[in-house]
Amino acid sequence: MIDDSSIRLTAYLGNDTNVVIPSTIDGYTVVSFGYSFAYDENLVSITIPASVIYIYIYIYEDCFDGCSSLTAINVDANNSYYSSIDGVLFNKNQSKLICYPAGKTASSYTIPEGVVIIGSYAFEDCTSLKSLTFPSTLTYIEEYAFFNSGLINVTIPDGVIYYSNNDYETNISADGNYVYYTCSDGKYIIISSYLGDDKDVIIPSTIDGYTVLGVGNYAFSESDITSVVIPDTVTYIGEGAFCDCANLESVTIPDSVTYIGDEAFAYCPKLLRLDISTSVLYIGEYAFASDIDWDKDTATYKITLYGYAGSYAEKYANENGIKGAWEENSSANSGDSSGSGSVSGTSSDGATSSNPQTGDQSLVSVYGALMTISVLGACVLYSRKKRYN
């Protein structure tokens, strides 16, 4: 039981091959589930009700691990957090591919345009799958996405950030201002830490000859910076990248950014305005929170987001109770929509929003992927804190 009216499904004891999860059980609303169906080899299809707001993806296992016969994960169209296309599980706006059923027999799959992230273990145990076609929107592939799959060789598109425990090297920039990671081909880097003394930071587009593709997890966290300009080579702003920056007042985010991670700008009390372009297709939980109540899974927001009507940023703001100002977008590309996140004249009132995306963490170690990966222009991302779907 989560509270007096809602529950998390912890186990399935039935024998049905086609399971429809009920929206209520014994009068309680079913709002989440995790490892409930793992290793059910008879499960062929599952339907997720509109009431589910969170599906737990554990650190080393996905929620349908061992479901070798599963061919379809269906989601009620009225669900506000998840969706499915041809039996494949996505988040609601389909910017993240969460799970491709292991029982599907197709030898190839085309990931839809608009997908920014391939989740952890998304293609685990998909032994029939031999090839993938990636979308142009893809930015980030989470750890073990292709674990134990039939994909003998995967060529990751140029410019995509790929997490791996191998083939990364830590460097300190020649000017001593940055720590960064390079990928195996030595073409791109992720900034992992800021060592400089400047308060007004202009992140360079290249460091030591490498193109800067991302601002990594907690890279500027707890620093004394007051402003930052992110270069237009960056596509990824990681988890907590600028969190706990007490004096941060201005941020310029370029149109190139598609991904903003969990708590990326959380606990920045002086950051009261941020411009978000239409290029951003994924924003993590509590990304702009001024305060978070972890016991109640609620956050307070003092920031005002600026951008374009109909954008993902507007939808995110509305769902999380964040104030926003939205212009009509006259073109498919936002063009000059990025801009300085400077302090507005007066502080906006705090807004409180509930966020269900927290939960238990299961720590079970699994090592070694049974596949070969060819990474072309892919970068390695270091994570200090595990992020959940």
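Mentor: A polar contact is a pair of N or O atoms within 3.5 Å; within protein, one must be able to donate a hydrogen and the other to accept it, and residues adjacent in sequence count only if both atoms are side-chain atoms. This is a predicted model, where local features need pLDDT of at least 70, side-chain atom pairs count only at pLDDT 80 or more, and totals for chains, interfaces and linings use all residues. Residues are numbered from 1 along each chain as its sequence is written, and side-chain values use heavy atoms, leaving out hydrogens and water.

Trainee: Thanks! Which residue's backbone oxygen lies 2.9 Å from a polar atom of the side chain of K104?

Mentor: Start with the place of K104, the loop between strand 10 (96-99) and strand 11 (108-110); strands (E, at least two residues) are DSSP runs, numbered from the N terminus. Contact means heavy atoms within 4.5 Å, and K104 touches residues including L70, G87 and S128, not counting those up to four places away in sequence. The backbone oxygen at 2.9 Å belongs to D86.

Trainee: How far from K104 is the nearest side chain of opposite charge?

Mentor: Lys and Arg count as positive, Asp and Glu as negative, with His and the chain ends not counted. A salt bridge is a side-chain nitrogen of Lys or Arg within 4 Å of a carboxyl oxygen of Asp or Glu. K104 is buried yet has no salt bridge, and the side chain in question, D86, is away by 6.9 Å.

Trainee: Is N217 buried or exposed?

Mentor: N217 is found in the loop between strand 22 (210-215) and strand 23 (227-229). Buried means under 20% relative accessible area, exposed over 50%, and partly exposed in between (1.4 Å probe, protein chains only). N217 has 8% relative accessibility, so this residue counts as buried.

Trainee: Which side chain does a polar contact of 3.4 Å join to that of N217?

Mentor: A polar atom of the N217 side chain also lies 2.9 Å from the backbone nitrogen of E239. The side chain joined to N217 at 3.4 Å is that of Y236.

Conventions. Helices (H or I, at least four residues) and strands (E, at least two) are DSSP runs, numbered from the N terminus.
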